[in-house]
Amino acid sequence: MLVSGPEQFLADRAVRQLRDQLAAEDPSLEVNDLEADHYGPGELITLASPSLFAEPRLIRVSAVEKCTDAFLTETLEYLQAPADDTYLVLRHGGGVRGKKLLDALRGGLGDGIEVVCAELKKDTEKLDFAAAEFAAEGRRVTAGALRALVQAFQDDLSELASACQQLLSDASAEITEETVEKYYSGRVETNAFKVADAAIAGRQGEALILLRHALSSGADPVPIVAAFAMKLRVMAKISGARGGSGQLASQFGLAPWQVDRARRDLGGWNDEGLGNAIDLLATTDAAVKGAERDPVYALERMVTVVSRRGALR
């Protein structure tokens, strides 16, 4: 099995699920690990050789994207005639190293399969991931709950998955936005997107309170600026665009609910104010990364201007 792509959480899950399945079928499963970047000649053949008791074997190989020449040569040779009852898992995180091996596997050598673990960058992808977590258990979850989860845990897929599993384990009824608030109130309430939502809606006092609460809870200034940037850029894309939510979502690579939300957020804004806010975002981003001595002041300045819909005075 080739496990390819940069998303380590998905890769770890795929390998773990295979191991659990094989162990359930035969508890005598023997598991061994190899590091392709530190591979020495003969290691793979040694581990794949039949044992005295003929138990099934799982050989997990990491860092194939950094593999040694010996690993590349010997693995290609091994796959010409793989050992019986031996499962070989190759983890390749990306890049061109080992391309000959990847091409051979994808071409059918060794009768293997590929599990692609692409990085989930878009909110739509993370929403689909979270929805699939609940669907796999046959549980009902509202769209608002999914959005709240993704906004609260968007920076770490493993944390998002853990939050979904926690709710599946503890929440007995339909999972709603209120359920998410109940379990993750601290994480959600201080979330950068709540600060941005309040500011964009013109609620300056609320936005500043949420900002200070977030910072006092240990929030990093950089993701807060990123949350503002994400929302304002979507607003800029949708501003003046014509068409239905589905059409614009497809055109701009967004979810339909993001289009609807951006249209609501644009109430009270004009193009000049939106431009001013986006310009200030760049200044604030530099400020919180070291260009200014007081990142908190820079954040408060940004929140104030955005709350005035981009009016600089």
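**Group meeting: the parallel strands around β4**

Let me begin with the strands: β3 (residues 57–62) runs parallel to β4, and five bridges join them. Strands are DSSP runs of E of at least two residues, helices are runs of H or I of at least four, and both are numbered from the N terminus. Two strands count as paired if DSSP finds at least two bridges between them. In β4, leucine 90 stands opposite valine 61.

Before I continue, please note that this is a predicted model, in which local features need pLDDT of at least 70 and side-chain atom pairs pLDDT 80 or more, while totals for chains, interfaces and linings use all residues. Residues are numbered from 1 along each chain as its sequence is written, and side-chain values use heavy atoms, without hydrogens and water.

Strand β4 also pairs with β1 (residues 2–4), in the parallel sense, over three bridges. Here histidine 92 of β4 has serine 4 opposite. Of the seven residues in β4 (residues 86–92), six are buried, that is, under 20% relative accessible area with a 1.4 Å probe, protein chains only.

Turning to the whole protein chain, there are 16 helices and five strands. Its radius of gyration is 25 Å, well over the 20 Å that the globule rule gives for 313 residues, so the chain is more spread out than a compact globule. That radius is taken over C-alpha atoms, and the rule is 2.2 Å times the number of residues to the power 0.38. The C-alpha trace spans about 80 × 45 × 40 Å along its principal axes. Finally, buried residues make up 44% of the 313.

Key: Buried means under 20% relative accessible area, exposed over 50%, partly exposed in between (1.4 Å probe, protein chains only).
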